[in-house]
Structures are given as C-alpha cells and as structure tokens.
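Here are my notes on this model, as numbered points. Please read them with the structure open.

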Amino acid sequence: WCPPVVPAGTALGEYRALLPGRRVPIATGAHDYLAAALAAGVTGPDRALNVMGTWEMAAQFVDIGPQGGWGGQEPHRVLHDLHVLECLGTNTLECWTGGQIEWARRLLGLDVATFFAGAERTGPQAPDGRWYAPFLGHQFFPHDGNLRRAEFQGVDSNVGAGELARTVLEGLAYLGARMFELLEHDVARTPDLVLTGGATRCPLTAQLKADM
C-alpha cells in the first residue's frame with residue numbers, strides 16, 4: 001500500500017489524462033500548512049507561520065540539521081513535523097478558532113459579512129469588562145483537549161450583535177497568541193510572523209493578531 005519514501009520534489013512520472021494532449025509532471029510535495037508555508041515564503045527559522053482557518057495553526061520553524069527527523073528528542077506537548085525544505089522542521093500547535101467564529105455568527109443569526117462588519121464598527125470590549133473565553137472545542141491540540149466550554153462575561157442589556165462579534169474575535173486573538181507562548185521556541189526571536197487563511201480578509205482580525 002505504501003510507496004517508497006523519497007525526498008520532496010522528486011519527479012514521480014507524468015499524468016496524461018488531466019488535460020487532453022498535454023503531459024503534466026507529478027512530483028512529491030507537502031501537506032496543507034507546510035505547502036502553505038513554502039508558498040508564503042516561510043523558509044527558515046526567521047519566520048513563523050499562523051494559519052487561520054476552521055482550525056488555526058501556529059508553527060515555529062527550527063533547524064534540525066542534515067540528519068533530518070527529530071532524532072532522540074523526548075516526546076513533547078507540541079506537534080513535530082518536517083518542512084518541505086531539507087534540514088528544517090516545525091513545532092506546531094493548533095486550536096479551533098474559525099469554527100468558533102462560525103458557531104458565533106450562527107448563534108447571532110448573522111451572515112459572514114455582517115458578523116465581521118459589526119465587529120469592525122465596534123470598539124474594544126475587554127477594557128469594558130466584556131470578554132469571551134474561547135474554549136468551545138479543544139483548547140489546544142494535541143494537549144489540553146478536555147476543555148470544551150465557552151463563556152461570555154460582562155454581557156449586559158446594552159450588548160448587541162456587533163459587541164458580541166467583537167468580543168469573540170478578541171478572545172480568539174488571545175487564544176492564537178497563547179499558542180505561540182506555549183511553543184518551545186520563543187516567538188520573540190522571530191522577526192516576522194506570516195498570517196494566512198480566510199480570516200485575514202478581515203482587517204480587524206489581522207490587527208487584533210498584531211496587537212496580541
């Protein structure tokens with residue numbers, strides 16, 4: 001069932017049925033966020049990657065030397081993976097953020113555009129004592145998977161859909177920042193953090209990330 005193990009970029013052959021009259025070369029590549037990292041120019045430990053989708057991923061890239069793999073390292077609470085590029089690995093954590101945005105906008109009866117627009121029209125909520133504890137799904141994967149509650153705090157009679165949407169985005173920005181705090185390598189040593197994913201289309205989401 002399993003093909004031979006070969007380095008990334010190895011030519012595997014040609015696929016002739018995809019486009020009539022054309023031969024398309026097929027090569028080994030990478031999966032999801034590692035391919036995204038390469039496309040986004042995250043090719044060394046001087047950059048970290050934050051992928052914002054249904055699942056959010058925080059990836060800190062590290063040099064692993066010419067031997068590759070993770071050698072005799074002890075098991076760690078973060079996920080270890082290998083970049084497409086030789087001698088580069090990654091420490092990664094994941095949390096469920098985009099899924100919570102989807103849950104919140106359905107709860108509020110808003111379409112996607114209205115949810116984000118309402119949040120952008122509203123000022124910061126945390127200083128007024130209004131905040132969202134974003135543990136609706138697993139807090140972090142692969143560890144801390146037993147926290148499945150979510151809470152709104154400080155909700156009063158003046159709260160509207162925009163305030164609740166903004167509160168959710170603020171709480172999730174904190175959750176994303178918390179992932180980098182938990183990574184083994186200090187993100188403060190990484191000059192650039194590359195943000196990708198659907199939620200980056202909302203300027204407020206990207207700004208909250210930068211603020212955190």
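1. Strands S3 (residues 47-52) and S4 run antiparallel and are joined by five bridges. Val51 stands opposite Met57 in S4. Two strands count as paired if DSSP finds at least two bridges between them. Strands (E, at least two residues) and helices (H or I, at least four) are DSSP runs, numbered from the N terminus.

2. A word on the basis. This is a predicted model, in which local features need pLDDT of at least 70 and side-chain atom pairs count only at pLDDT 80 or more, while totals for chains, interfaces and linings use all residues. Residues are numbered from 1 along each chain as its sequence is written, and side-chain values use heavy atoms, leaving out hydrogens and water.

3. S4 also pairs with strand S6 (residues 88-95), antiparallel, over eight bridges. Here Phe61 stands opposite Thr90 in S6. S4 (residues 56-63) is mostly covered, with seven of its eight residues buried. Buried means under 20% relative accessible area, exposed over 50%, and partly exposed in between (1.4 Å probe, protein chains only).

4. What is the order of the strands in the open sheet? The five strands run S5-S6-S4-S3-S9, with mixed pairing. Strand S5 (79-82) and strand S9 (192-196) stand at the edges with a single partner strand each, so one side of each has no neighbour in the sheet. The twist averages 25° from one strand to the next. Angles run from 0 to 180 degrees between N-to-C directions, and axes are lines fitted to C-alpha atoms, for helices over the stretch in contact.

5. The parallel part of the sheet includes S3 and S9, joined by five bridges. Leu49 stands opposite Val194 in S9.

6. Now the helices on the sheet. H4 lies across S3, S4, S6 and S9, at about 25° to S4. Helix H5 (residues 203-211) packs on the sheet too, touching S3, S4 and S9, and its direction makes about 140° with that of S3. Contact means heavy atoms within 4.5 Å.

7. How many salt bridges does a search of the whole structure find? There are seven. The criterion is a side-chain nitrogen of Lys or Arg within 4 Å of a carboxyl oxygen of Asp or Glu.

8. Arg106 is exposed at 60% relative accessibility, and Glu102 is partly exposed at 26%. Glu102, Arg105 and Arg106 are linked in a network of salt bridges.

9. Asp156 and Arg130 form a salt bridge of another kind (3.1 Å, N to O). This pair links distant parts of the chain, 26 residues apart: Asp156 lies in the loop between strand S8 (151-153) and helix H4 (161-182), and Arg130 in the loop between helix H3 (112-120) and strand S7 (131-133). Asp156 is partly exposed at 36%, whereas Arg130 is buried at 10%.
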